[in-house]
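Here is a short report on a single protein chain. Keep the sequence and the 3D view open while you read.

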Amino acid sequence: MTDRTTVPPEAAPEPPPLLRQPEFIKLWAAQSISQLGDQITLLALPLVAVLTLHASAAQMGFLVAAELMPHLLFSLFAGVWIERVQRRRRLMIVADLGRAVLLGSIPLAAALDMLTFPQLYGVAFCVGTFAVMFDISWSTLFITVVPRRDVVDANSKLSLSRSLSFVLGPSIAGFLVQLLTAPVTLLLDAFSYLGSALFLRRIRSQEPPIEEDGRESVLRSLRTGFAFVLRDEYIRPELLCVATINLFNFVFHAIFVLYATRELGVSPGLLGLVLGAGAVGGIAGALVAVRLERLVGLGPAFTLGSVLFPLPLVLIPLASGSETTIVIMLGVAEFFCSVGVMILDVNAGSLMLFRTPDRLRSRMSGTFRFVNMGIRPIGALIGGGLGTAIGLHTTLWIGVLGALAGVIFLVFSPIPRLREAPAEAV
């Protein structure tokens, strides 16, 4: 007898428009709240080091490296482990709650006059560890919530909220640091992760089952993930490009706050406003990313973003003159840099999601993050060391020019000629 409840795939109804899909709305809300908190932390945590503990260039490099080192240490094994866990959404909730508690410990220690660099490094390292667990789990949840038809559009909307967080986060952080001090700002930031956990808890999409090859040995799983990433004609050059950009971007990023506040004399409040105003470009980038992909194709759009992301940062080591001139140059750099990073992120994320089969998604994500995110603490340590040895200004130039070299890996790949979404790898 035929089961009347079974609907053939060809007869399945079209999903509603993305903004009428409640599970995506919950995911989008969770991501938006968390991203806002991330941007507040991004400015408030180094300002704790600079303003409360009077950090040196080397100590700033260590702080950034501590937050990013878990991506290097744990991403590979997290990708394998998470593939063997059925309820990955729960891992994301645990990660949110853990980060809230960790950030809340900093203002408590500051109030008791017990805050030290070892605590800052420890909190940064543990926050980064939870970020690895959250982000690798997120890729599997995203693909169950968003239909393939809406992947690029969903990535654009998620990037739009990220862009808004770039605008609001630094502005809010700078204002709160000036008004309440940096440690208290981190206490308020901790609540953003609680809000993210609340929305994640309400998502009801069924998570993908554990694949049979998810039962293989850990070593074989690691080899499979590496083999897929390094052999794929699209994923490999994409990884080499973005890893190079991120290596040198974090040479730059590790000392940027120190350079802006000490060398250029920008106050925390003004720095927050400058970064927030400049990041309006991120909103423009997220809004045009889908249109640009439709106009020139997925690959050319990604290639353009790979150049436009680092290029405007040349204005920061060039900044000089009056306070007004410096503010304008910083704002313009941040605006166009944010346009570029949104175009890059939307199209790079879509390319990976289209190309990777479900059975390899966590392992691909873990391997990709191991290289792409693991290179960042190395860049931060290099930035801190070079900033101490040869000066902040020269180090900024090395960061900008090195990041621009990342596009070389795309030149001889098929990506610049890729007009439509690639077929899923076999």
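Start with a loop residue. Asp113 counts as exposed because its relative accessibility is 72%. Exposed means over 50% relative accessible area, buried means under 20%, and partly exposed lies in between (1.4 Å probe, protein chains only). Asp113 sits in the loop that joins α3 (88-111) to α4 (117-145). Its phi is near 55 degrees, a positive value in a residue other than glycine.

This is a predicted model, in which local features need pLDDT of at least 70, side-chain atom pairs count only at pLDDT 80 or more, and totals for chains, interfaces and linings use all residues. Residues are numbered from 1 along each chain as its sequence is written, and side-chain values use heavy atoms, with hydrogens and water left out.

**The whole chain**

The chain has 17 helices and zero strands. Helices (H or I, at least four residues) and strands (E, at least two) are DSSP runs, numbered from the N terminus. Of the 426 residues of the chain, 58% count as buried. Contact means heavy atoms within 4.5 Å. Among contacts in the chain with a separation of 6 or more, 89% link residues 24 or more positions apart.

**Single residues**

His54 is another loop residue, between α1 (22-52) and α2 (57-83). His54 is not a glycine, yet its phi is positive, about 55 degrees.

Arg204 lies in the loop between α6 and α7 (218-231). Which residues does Arg204 touch, not counting residues up to four places away in sequence? They are Glu23, Lys26 and Arg89. Pro22 is 182 residues from Arg204 in sequence, but the two are 9.5 Å apart in space, C-alpha to C-alpha.

Phe226 belongs to helix α7. Leaving out residues up to four places away in sequence, Phe226 touches Leu76, Thr367 and Phe370. Phe226 and Leu76 are 150 residues apart along the chain, and their C-alpha atoms are separated by 9.1 Å.

Ser306 is part of helix α11 (residues 298-308). Residues up to four places away in sequence aside, Ser306 touches Cys241, Ile245, Leu344, Val407 and Leu410.

| Residue | Relative accessibility | Class |
|---|---|---|
| His54 | 60% | exposed |
| Arg204 | 59% | exposed |
| Phe226 | 24% | partly exposed |
| Ser306 | 1% | buried |

**Two helices by length**

The expected span of a helix is 1.5 Å times one less than its number of residues. Helix α6 (residues 182-201) has 20 residues, so it should span 28 Å; its end C-alpha atoms are 30 Å apart, which agrees. Buried residues in α6 include Ala182, Pro183, Leu186, Ala190, Tyr193, Ala197 and Leu200. An α-helix has 3.6 residues a turn, so residues three or four places apart point the same way.

Helix α13 (residues 323-355) has 33 residues and should span 48 Å; its end C-alpha atoms are 47 Å apart, which agrees. Helix α13 is mostly covered, with 24 of its 33 residues buried.

**Two helix pairs**

Axes are lines fitted to C-alpha atoms, for helices over the stretch in contact, and angles run from 0 to 180 degrees between N-to-C directions. Angles under 35 degrees count as roughly parallel, over 145 as roughly antiparallel, 65 to 115 as roughly perpendicular and the rest as oblique.

Take α3 and α6. Their axes come within 8 Å and cross at roughly 165 degrees. The two helices are therefore roughly antiparallel to each other. The crossing is left-handed, meaning that the near helix is turned anticlockwise from the far one by less than a right angle; clockwise would be right-handed. Among the contact residues are Met92, Leu103 and Ile106 of α3 and Leu187, Tyr193 and Leu200 of α6. The contact holds 17 nonpolar, two polar and five charged residues. Here Ala, Val, Leu, Ile, Met, Phe, Trp, Tyr, Cys and Pro count as nonpolar, Asp, Glu, Lys and Arg as charged, and the others, Gly among them, as polar.

Now α8 (residues 235-263) and α15 (residues 375-390). They pack at an angle of about 40 degrees, with their axes 7 Å apart. That makes α8 oblique to α15. Their crossing is right-handed. The contact includes Leu247, Phe250 and Val251 of α8, and Gly379, Gly383 and Gly384 of α15. The residues of this contact divide into 10 nonpolar, four polar and one charged.
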